[in-house]
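Biologist: I would like to learn how to read a few features of a protein model. Could you take me through them one at a time?

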Amino acid sequence: MKTNRFALIGAGLFGERHAQAYSRSPYADFAAVCDMRAERADEIAATYGAGRATTDFREVLADPTIDAVSIATPDHLHRELAVAAAEAGKHILVEKPLATTVEDAVAIDDAARANGVKLMVDFHNRVNPMMVSAKQAIDRGDIGAPAYVYSRLSNTLAVATGMLSWASHSSALWFLASHTIDAVRWMLNDEVVRVYAVSRDKILRERGVPTADFHVATVEFASGTVAVFESAWILPDTHSTVKDLKLEILGDKGAVNIDGSHNRTLEIYTSERSSFPDLYAPPTGEHLTGFVLDAIAYFVDAVVFDKPVLATGEDGIEITRILCAIEDSVRAGMPVDLKPRTRQ
């Protein structure tokens, strides 16, 4: 039962996950792959059964039979493609972050609204079983009122020096903290009002990649919760995993600990007991594809069944605003306040 036609623009490392998700979905007809490298587009199309491969995104957007597109190009290249897709009447799934400037993020969201198409940002940790279980614990009041959050998501040097050809146009802040800041904002159902951050850029620069080694940001939420977000691209390549993910949320009645890269995945402490939930099966959704692909399946559901998207354009704008404020704080060496955003 293939009911809608989907295309992929940007068939890199993560773009392949979109191809995999569309090829598995009973509701998605995987129509086309576009990548600037013809051999890569051909390879992904052949592997995942796409109808055709091309190097010209305009060819994809001009096809009236294609209903929706994934945009999985490097972060700083999202605006032109997403706006053009919206103007072509295609529903859009954009890899996180939505954009690397607030102006670009707003332009994408405005184009989607103006053309009546769905826009989803692929913040896939919103269906990550450990994150979902942690949010449920917070929503139930298991840990009381959240007071302090510590988050670390870092990668080995190999990510910036070998895996990403466009690392110098990004940083661990955009590549990694976009995930964690969105996840915490979503878990707490709260908005960021102030940031203060520091960063250094020596280690990667000496290896020929002119970008930040790490960012450490102290973030204040409207409720008074304080969070520290650490993101780095300088873990040694001998690290046991390519990523190191830790998240701790302390409340006035308990705590939630997440270890997303080692053995003890989730710990929940209330005032009466501790628990270590079994997370081998996702606690959310009907898809049995793993949470990274499951998020893309949510986009398919949004298009085919007119369901809500997992993360909206407004969510994407807000995360870009926070990340830009963190960069502003690094440059200024002082805190930066975020005022509530009003739509024009």
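This is a predicted model: local features need pLDDT of at least 70, side-chain atom pairs count only at pLDDT 80 or more; totals for chains, interfaces and linings use all residues.

Biologist: How many residues does helix α11 have, and what span does it reach from its first C-alpha to its last?

Modeller: The expected span of a helix comes from 1.5 Å times one less than its number of residues. Helix α11, residues 313-332, has 20 residues and reaches 28 Å, close to the 28 Å expected. At its start, a side-chain oxygen of Thr-312 comes to within 3.3 Å of the backbone nitrogen of Glu-314, and the helix is followed by Gly-333, whose phi is positive, near 70°.

Biologist: Is α11 mostly covered or mostly uncovered?

Modeller: Mostly covered, since 14 of the 20 residues of α11 are buried.

Biologist: Why does Ser-70 count as buried?

Modeller: Buried means under 20% relative accessible area. Ser-70 counts as buried because its relative accessibility is 0%. Ser-70 lies in strand β4, residues 68-71, and a polar contact of 2.5 Å joins its side chain to that of Tyr-22. Leaving aside neighbours within four places in sequence, the residues in contact with Ser-70 include Ala-7, Ile-9 and Leu-93.

Biologist: Which strands pair with β7, and in which sense?

Modeller: Strand β7, residues 146-155, pairs with β11, residues 243-251, in the antiparallel sense over nine bridges, whereas β7 and β10, residues 226-232, pair in the parallel sense over five bridges. Arg-152 lets you follow both pairings, for its bridge partner in β11 is Lys-246, and in β10 Arg-152 stands opposite Glu-230.

Conventions
Residues are numbered from 1 along each chain as its sequence is written. Side-chain values use heavy atoms; hydrogens and water are left out. Helices (H or I, at least four residues) and strands (E, at least two) are DSSP runs, numbered from the N terminus. Buried means under 20% relative accessible area, exposed over 50%, partly exposed in between (1.4 Å probe, protein chains only). A polar contact is a pair of N or O atoms within 3.5 Å; within protein, one must be able to donate a hydrogen and the other to accept it, and residues adjacent in sequence count only if both atoms are side-chain atoms. Contact means heavy atoms within 4.5 Å. Two strands pair if DSSP finds at least two bridges between them.
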